Amino acid sequence: MKKIYLAGGCFWGIQKYFDNLCGVHDTTVGYANGKTQNPTYKEVCNASGHAECIQINYDPSALPLSVLLDFFFDCIDPVAINHQGGDRGIQYRTGIYYTDPTDLPTLQQKLAELQQKHTQPIAIECLPLQHFFDAEEYHQKYLDKNAGGYCHISKQKFENAKNYQPKNNQ
């Protein structure tokens with residue numbers, strides 16, 4: 001198993017999206033790379049500097065990092081600064097936070113490929129993870145508990161994630 005941390009707007013939808021993806025073992029929503037230790041949701045919404053983020057534990061033999069990133073790029077607006085959908089603020093910025101330095105060449109290559117598809121600069125941070133704090137329990141699997149909850153990701157994108165089947169020798 002490997003871990004990667006992704007911030008893509010409200011963490012409720014990103015978690016649900018990646019939970020649907022074959023090769024993802026589990027996810028946890030939380031707060032990454034802010035100024036304080038163990039922030040509350042209220043602090044995160046009041047300029048603590050943290051990003052709403054998910055920790056993804058995945059099997060790279062079933063879901064290579066490059067494919068996982070393709071799914072991430074598909075569910076966000078990569079040129080949006082500090083927002084996704086209707087959510088606004090620094091906590092909704094997009095980011096990739098890594099703990100394994102050997103992932104960096106893949107991350108840089110995929111971001112360069114993504115930039116080639118856009119005329120505006122992409123606004124995705126790519127940084128080492130400084131720290132990650134689990135969000136409060138009521139945020140975990142929020143859209144499973146609240147089926148009508150807000151999400152900036154379209155139903156079609158959720159279906160695309162559900163339908164992903166690993167190919168041999170990716």
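This briefing describes the packing, helices, salt bridges and selected loop residues of one protein structure.

The structure is a predicted model, in which local features need pLDDT of at least 70, side-chain atom pairs count only at pLDDT 80 or more, and totals for chains, interfaces and linings use all residues. Residues are numbered from 1 along each chain as its sequence is written, and side-chain values use heavy atoms, with hydrogens and water left out. The largest nonpolar core holds 42 residues, and the structure contains 10 salt bridges.

**Nonpolar cores**

- A nonpolar core is a set of buried Ala, Val, Leu, Ile, Met, Phe, Trp, Tyr and Cys residues joined through side-chain atoms within 4.5 Å; buried denotes under 20% relative accessible area, exposed over 50%, and partly exposed the range in between, with a 1.4 Å probe and protein chains only.
- Within the largest core, the residues with the most contacts inside it are Ile4, Leu6, Phe18, Ile56 and Ile96.
- The largest share of this core, 7 residues, is contributed by H3.
- Ile96 is in contact (heavy atoms within 4.5 Å) with residues including Ile4, Leu6, Leu69, Phe72, Leu107, Leu111 and Ile124, where residues up to four places away in sequence are not counted.
- A second, separate core of 8 residues includes Tyr5, Ala51, Leu129 and Phe132.

- Helices (H or I, at least four residues) and strands (E, at least two) are DSSP runs, numbered from the N terminus.
- Of the 10 residues of H3, 7 are buried, so this helix is largely enclosed by the rest of the structure.
- The buried residues of H3 are Leu65, Val67, Leu68, Leu69, Phe71, Phe72 and Phe73.
- H4 has 13 residues and should span 18 Å at 1.5 Å a residue, which agrees with the 18 Å between its end C-alpha atoms; the expected span is 1.5 Å times one less than the number of residues.
- Leu107, Lys110, Leu111 and Leu114 are buried in H4.
- Viewed down the axis of H4, the buried residues fall within an arc of 100 degrees and so line one face of the helix; the arc is that of the directions from the helix axis to the C-beta atoms.
- These buried residues of H4 pack against S1, H3, S6 and strand S7 (124–128).

**Salt bridges**

- A salt bridge is defined by a side-chain nitrogen of Lys or Arg within 4 Å of a carboxyl oxygen of Asp or Glu.
- Asp100 and Lys2 are joined by a salt bridge through their side chains (3.1 Å, N to O).
- Asp100 lies in the loop between strand S6 (94–98) and helix H4 (104–116), and Lys2 in strand S1 (residues 2–8), so this pair ties together parts that are 98 residues apart in sequence.
- Asp100 is partly exposed at 23% relative accessibility, and Lys2 is partly exposed at 23%.
- Asp74 pairs with Lys157 in a salt bridge, with the closest N and O atoms 3.2 Å apart.
- Asp74 belongs to helix H3 (residues 65–74) and Lys157 to helix H6 (residues 155–162), so the pair ties together parts that are 83 residues apart in sequence.
- Asp74 is partly exposed at 35% relative accessibility, and Lys157 is partly exposed at 26%.
- Glu159 forms a salt bridge with Lys162, the closest N and O atoms lying 3.7 Å apart.
- Both Glu159 and Lys162 lie in helix H6, 3 residues apart, about one turn of the helix.
- Salt bridges that share partners join Lys2, Asp100 and Asp103 into one network.

- Ser48, in the loop between helix H2 (41–44) and strand S3 (51–58), is buried at 7% relative accessible area.
- The side chain of Ser48 makes a polar contact with the side chain of His50 (2.7 Å); such a contact is a pair of N or O atoms within 3.5 Å, and within protein one must be able to donate a hydrogen and the other to accept it, while residues adjacent in sequence count only if both atoms are side-chain atoms.
- Beyond four places in sequence, Ser48 touches Gly34, Lys35, Thr36 and Glu43.
- Gln91, in the loop between strand S5 (87–88) and S6, is buried with a relative accessible area of 6%.
- Asn163, in the segment after H6, is exposed at 54% relative accessible area.
- Asn163 and Asn20 are 143 residues apart in sequence and 8.6 Å apart in space, C-alpha to C-alpha.
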